[in-house]
Each structure stands twice: as C-alpha cells, then as structure tokens.
Amino acid sequence: MKSVKIFSYFTVIILFFVSCDKRQSSSTTNDCNIELVDSVILENTDILKPYEIFIQDSLCFFSVSHSFNHVSILNLNKQETTHLFEKGNAPNQMIHYRRLNDNGSNKFKCVDMDRKIFYTIDDDMNVKEDFRISNDIPHIFNVSQLNDSIIITTGAFTQGRILCYNKKSGTYSYHLNYPETDKTKEISQLHKSILYNGTIIESNIEGNRFVLIDNGFLDFYVCKEDSFMLANSYRYHEKVFNCHPSRHIITYDKESIVGFFSVSSDDKYVYLCYSNETYKNTLMKERVIFSNTIMIYDWNGNFIRKCTLKRPISGIYCKRHQLWGLSSYGEFLYKFKLNN
C-alpha cells in the first residue's frame with residue numbers, strides 16, 4: 001500500500017453490452033445537451049491511466065491500467081492516494097481483476113476472475129474476502145450483484161448466456177439464450193459463447209431488473225422469482241466477425257461499429273456511452289474508444305433521449321444527479337449536471 005500527495009482527482013467506468021428485436025436509429029429524436037459544470041486535472045496525480053471509477057462519499061476508487069496495482073483510491077479530504085490489489089499470481093496478489101457492479105451497496109467490490117474470489121473494501125480501507133465460487137464454473141467475465149443473494153455473471157458459457165450464483169447456498173444455474181442473427185445461426189454454441197462473453201450487466205438498485213449490453217445490442221429483463229422476463233430489446237447493429245469452426249476462435253472485423261462501450265445507472269435511468277464509429281476509425285485516431293453521445297433509457301427499456309456532451313469521454317459514472325466523464329487518456333475528469 002502506498003500514499004502520496006496529489007493535487008487533483010477522479011475518473012469513471014467501463015463497461016459494454018447485448019441483444020434485441022426492436023430496431024431504432026441511433027440518431028433518434030429528443031436530443032439534449034448535458035451541461036458541463038466542472039473538470040478536474042488528473043495528470044498531476046499518482047493515478048495512472050484510469051478507466052473506471054466508483055465514488056463512496058469522499059473516496060474515489062479508480063480501476064487503473066498502467067500501475068503495479070489494479071485499484072487506486074483518492075481521498076478527496078486528505079488529498080492522498082492509496083493503491084490496492086497488487087497485480088500478480090502470488091497468494092496476496094490478483095490475476096485478472098474486475099469491479100463488481102452492485103448498485104444496491106455503497107461499498108467498493110471486485111473479483112479475481114481467475115481465482116473466483118470476491119472482495120469488499122471496508123470503511124477503514126481494509127480488503128475483506130467475501131466469498132468464493134466453485135472452480136467448476138468456467139471462466140467468468142463481467143459480474144453484477146442483483147440482490148443480497150444472487151450474483152449474475154457473463155462468460156464463455158455453453159449452457160446459457162448468463163450464470164446466476166446464489167452466494168448463500170453456493171448453488172448456480174444458467175439462463176437465457178444468446179442473441180440470434182442470420183450469421184450466428186451458422187455457428188456452434190461454443191463459438192456463440194466466445195462471441196458474447198464480453199457482455200456487460202447493469203442491475204438496478206431494487207435488484208429486480210437488469211440490462212445486458214453488447215456492441216449494438218440491448219436486452220432489458222425483469223426478474224420474476226427464479227426466472228427472467230424480457231421487457232424490451234434493441235438491435236442497432238450487429239457485430240462483424242469471422243468464425244474459425246475448427247478452432248475455438250472468433251476474430252472481429254475492424255469495420256464493426258463500436259456501439260455501446262460504457263454504462264452507468266441510477267434508480268430511474270440507464271446511461272450508455274455510444275459511438276457510431278468503426279473500430280478501425282476510432283483506433284486509428286486515438287487508439288482509444290471515446291464519444292460524446294449518451295443514450296438514456298428507463299428500467300423498462302423505453303428509450304428516453306439522446307444527449308450530446310461538450311467533451312468526448314471514454315467512460316461514465318452516475319451518482320446523485322451528476323454524470324462524471326473520463327477523458328480519452330484519463331487526463332481529465334469532467335463533471336456534468338443531469339437535468340432529468
């Protein structure tokens with residue numbers, strides 16, 4: 001652990017997304033502007049290449065890439081930075097880090113995807129191991145806490161699109177089908193699981209709804225006891241990919257549209273960063289994915305409006321009627337006011 005003086009602060013989330021039947025233009029009506037009210041310089045901090053943020057009162061938790069640790073924490077009151085979760089394969093290190101999305105909690109949570117160990121950071125900045133899931137479960141990817149009992153995760157699952165794990169009973173089950181298109185009908189279940197294993201999950205605060213997001217696909221679900229009912233679904237555009245039937249490989253075409261690449265939500269709405277650029281154009285420009293377009297939906301899956309930010313961003317975080325946006329390379333944190 002390390003503490004250093006810093007002079008400014010902050011960053012934001014990432015994340016990513018899934019399926020549907022409705023078609024709707026991404027250049028839709030109800031356009032609006034989200035007002036930029038403040039910005040913070042991050043270049044002078046000891047927070048290196050942040051790509052995701054979680055805010056807990058005066059503490060800002062950053063997922064970082066160019067560091068010996070996975071997480072950097074900025075104390076706004078003391079203007080100090082602490083680093084946790086050292087990268088590595090040793091017992092007290094973490095191999096493949098992922099933040100656990102839990103909108104019903106004010107605690108920072110994360111998981112080592114390889115070891116399948118779930119952690120919480122308490123108020124005294126101590127790392128607490130919460131629980132472990134069975135090693136019989138295949139490699140997991142994105143994880144969301146639905147309620148006190150159920151964890152939902154995506155991964156390369158051939159039995160279903162998502163896995164639901166009951167952390168109280170230690171039992172788990174697979175649910176939902178992968179999105180079906182003319183092209184995916186031709187590939188195996190294994191290749192479908194590889195194609196969609198990066199699907200991101202965002203759950204609501206009440207723990208009775210979630211959305212799956214992947215490229216240009218969105219699926220909104222309502223939880224009914226032990227089953228999930230599709231509430232609304234959109235297909236803006238499909239992935240452009242090539243399948244290698246004799247190998248467990250999917251390759252993505254650079255002409256594929258980026259689509260949705262970051263998500264955050266509050267009790268009423270889901271906010272999604274969207275780019276209609278191709279990966280080829282985006283990566284040739286900056287070698288990072290960014291946009292100034294925010295698409296807003298309610299938790300029933302109804303489209304609300306499209307908004308244009310005054311700065312292009314690479315990730316977002318929503319809290320207390322404010323939207324934080326991380327600039328392309330993590331040099332700035334922008335603060336926007338939400339008027340809805």
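Visitor: Which residues does Phe61 touch, not counting residues up to four places away in sequence?
Guide: The model is a predicted one. Contact here means heavy atoms within 4.5 Å. Leaving out residues up to four places away in sequence, the list for Phe61 is Glu52, Ile53, Phe54, Gln56, Val71, Ser72, Ile73, Phe108 and Ile121.

Visitor: Which residues of the largest nonpolar core touch the most other members?
Guide: The largest nonpolar core holds 28 residues. Those touching the most other members are Phe61, Ile73, Phe85 and Phe108.

Visitor: Which element gives the largest share of this core?
Guide: Elements that give two or more residues to the core include β4 (50–56), β6 (69–75), β7 (80–86) and β27 (322–326). The largest share is 5 residues, and the strand that supplies them is β5.

Visitor: How many residues are in the second, separate core?
Guide: Among the members of this second core are Tyr165, Tyr178, Leu195 and Ile250. Its residue count is 21.

Visitor: Is Ser63 buried or exposed?
Guide: Ser63 sits in strand β5, which spans residues 59–64. Beyond four places in sequence, Ser63 touches Lys49, Pro50, Tyr51, Glu52, His70 and Tyr97. Buried means under 20% relative accessible area. Because the relative accessible area of Ser63 is 1%, this residue is buried.

Visitor: With which side chain does the side chain of Asn204 make a polar contact?
Guide: Asn204 lies in the loop between β16 (200–203) and β17 (209–214). Asn204 is buried, with a relative accessible area of 4%, and it touches Asn103, Arg209 and Trp299, not counting residues up to four places away in sequence. The polar contact, at 3.2 Å, joins its side chain to that of Glu206.

Visitor: How far apart in space are Phe261 and Asp214?
Guide: Phe261 belongs to strand β22 (residues 257–265) and is buried, at 9% relative accessible area. In sequence, Phe261 and Asp214 are 47 residues apart. In space, C-alpha to C-alpha, the distance between them is 8.1 Å.

Technical notes: Residues numbered from 1 in each chain as written. Predicted model: local features only at pLDDT ≥ 70, side-chain atom pairs only at ≥ 80, totals over all residues. Heavy atoms only, no water. Helix = DSSP H or I, 4+ residues; strand = E, 2+ residues; numbered from the N terminus. Buried < 20%, exposed > 50% of the residue type's maximum accessible area, 1.4 Å probe, protein only. Polar contact = N/O pair within 3.5 Å; in protein donor to acceptor, adjacent residues only side chain to side chain. Core = buried A, V, L, I, M, F, W, Y, C linked by side-chain atoms within 4.5 Å.
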